[in-house]
Amino acid sequence: VKEAMEKSLSILAELGETFIEATPDLIYRKVVSTKALIKNLTKQDILKAPRLADERMIWTLRFMNGCLAYLFCTNATLMPLVACRMIEISLEYGYSPDSAMGFGVFGCSQYNVLQDIEEAYKWAKMSLLFPEIFNAPAWLPKLTFFFHGFTSIWKEPIQASCDVLLKTHQDLLMVGDVECAVRATFTHCRQSLFAGNNLATIDKDCISATSKMKELTQIHSYLAHASHHLIIIKLIGKSSKNNQFEAFSGIFSKMIRNEDDLLQHALTTGKTGVAQAIQFNRLFLAVYFKRYDEAAQMAKLYKSHTLVPLIDVYHTFYQGLTAFHHARQSVNDEFNEWFPIGERSLSTFREYQTHSSWNFGNKYALLLAEWHFCKEEMKQAEEKYNLAIKLAQQHRFIHEEGLANDLFSVFHIFNKSDEKANNCLQMTRACYEKWGAFALVEILDSRIMQLQ
């Protein structure tokens, strides 16, 4: 992948387009200036605009489009600069189907760089119009994958995106885009977890995805996918005879035998996206298994990857829950360290839920409940726990309904309301059993027995 990226950048340099190492200030200024250029751009403007005819620029956009996929794996900080340049070329020389990915990545940059969710959704959605405008239906699957994999969560129910991604995987295979097809199936598996889909179903999807990745020799996608599948296996409590890290062990001279080996490989070879995924996966499991010291460690190690907002969103949520837990367990300096981290997560989700109450409303309510609990505002905390449970149930986030009940039980135990705590744990158990997290059910049975 790194060699492919370097070759693409070398060809772009020969075409007169050079991209140096990006600084945060350079990225910010370029995204802001490009945003100003297309502030009033509409679909009608693109329809009326000239089509790209300059052969050098046609190939320039084509290589930029191809380069984006490699940058995603190796140097995502350059992606906003490439996307902005694609838009500039389109405005100056005319549009082509390749322009679409420029708008799609630029949409992601609006959130990652400027934290502007409305603009992010607007421009990513605009990219989906290009196949129709250019009568190029073969482009639609890739653009659909990018939109539902990175941007639709800001406005549309995540459960709907899961369904779209599964279909898009097949569409991408039909047009011969193997790399994006594999990423689509991996993203489908990951979003299915966040959507609260049944774990047994996700496990089957993960096994199917692994088989396809192995068959198509898609190594980079498989590395992150193997760690994700491990979450599902551990939540189910499933003992697997097959080591999911052995599928490509021969390629790495049998150096990757487990997740620790994979993390070390990712850190030493610059696979930042893979390292980030592993650290998030461990944070996720630590929160659900109530291993909050480990959760705190993973939250601190996590490094944001420029164009992976979905994992960043959930990292912020679980980091906030972890921070409020530690704040309640600490005093003075430690409280002053953890409580502001929780408040930052709360502030972030206060903004998120204004854009999608479906995806973020229950999470914001749960963070708010924990915030009130830390401040010993018990009446307000109880109201928000109940709201978090209600919203998670209404929006079909069965896992987060269980998590909210679990944390509500801690609240009741603190207030010496053992009967209410027991009721919450029973509800937690029912949610996790329906989710298929039988490893968590087993732990809950022990906690319920101790409480009784």
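User: Why does Arg-29 count as partly exposed rather than buried or exposed?

Analyst: In this predicted model, Arg-29 has a relative accessibility of 48%. Buried would require under 20% and exposed over 50%, so a residue at 48% falls in between and Arg-29 counts as partly exposed.

User: What makes the contact between Asp-25 and Arg-29 a salt bridge?

Analyst: The closest N and O atoms of Asp-25 and Arg-29 are 2.9 Å apart, and the criterion asks for a side-chain nitrogen of Lys or Arg within 4 Å of a carboxyl oxygen of Asp or Glu, so the pair qualifies as a salt bridge. Asp-25, at 47% relative accessibility, also counts as partly exposed.

User: How do you know that Asp-25 and Arg-29 are about one helical turn apart?

Analyst: The two residues are 4 residues apart in helix H2. An α-helix has 3.6 residues a turn, so residues three or four places apart point the same way. Asp-25 and Arg-29 are therefore separated by about one helical turn.

User: Why is the pair of Glu-337 and Lys-300 said to tie together separate parts of the sequence?

Analyst: Glu-337 forms a salt bridge with Lys-300, in which the closest N and O atoms are 3.2 Å apart. Because Glu-337 lies in helix H18 (residues 332–355) and Lys-300 in helix H16 (residues 292–301), the pair ties together parts that are 37 residues apart in sequence. Glu-337 itself, at 36% relative accessibility, counts as partly exposed.

User: What makes the salt bridge between Glu-17 and Arg-85 a link between parts of the chain, and are its residues buried or exposed?

Analyst: The closest N and O atoms of Glu-17 and Arg-85 are 2.8 Å apart, which meets the limit of within 4 Å and therefore makes the pair a salt bridge. Glu-17 lies in the loop between helix H1 (2–14) and helix H2 (24–37), whereas Arg-85 lies in helix H5 (residues 79–93), so the pair ties together parts that are 68 residues apart in sequence. Both Glu-17 and Arg-85 are buried, and buried means under 20% relative accessible area.

User: What do the buried residues of H20 pack against?

Analyst: The buried residues of H20, among them Ala-381, Tyr-385 and Leu-391, pack against helix H19 (357–374) and helix H21 (398–414).

Definitions and conventions: Residues numbered from 1 in each chain as written. Predicted model: local features only at pLDDT ≥ 70, side-chain atom pairs only at ≥ 80, totals over all residues. Heavy atoms only, no water. Buried < 20%, exposed > 50% of the residue type's maximum accessible area, 1.4 Å probe, protein only. Contact = heavy atoms within 4.5 Å.
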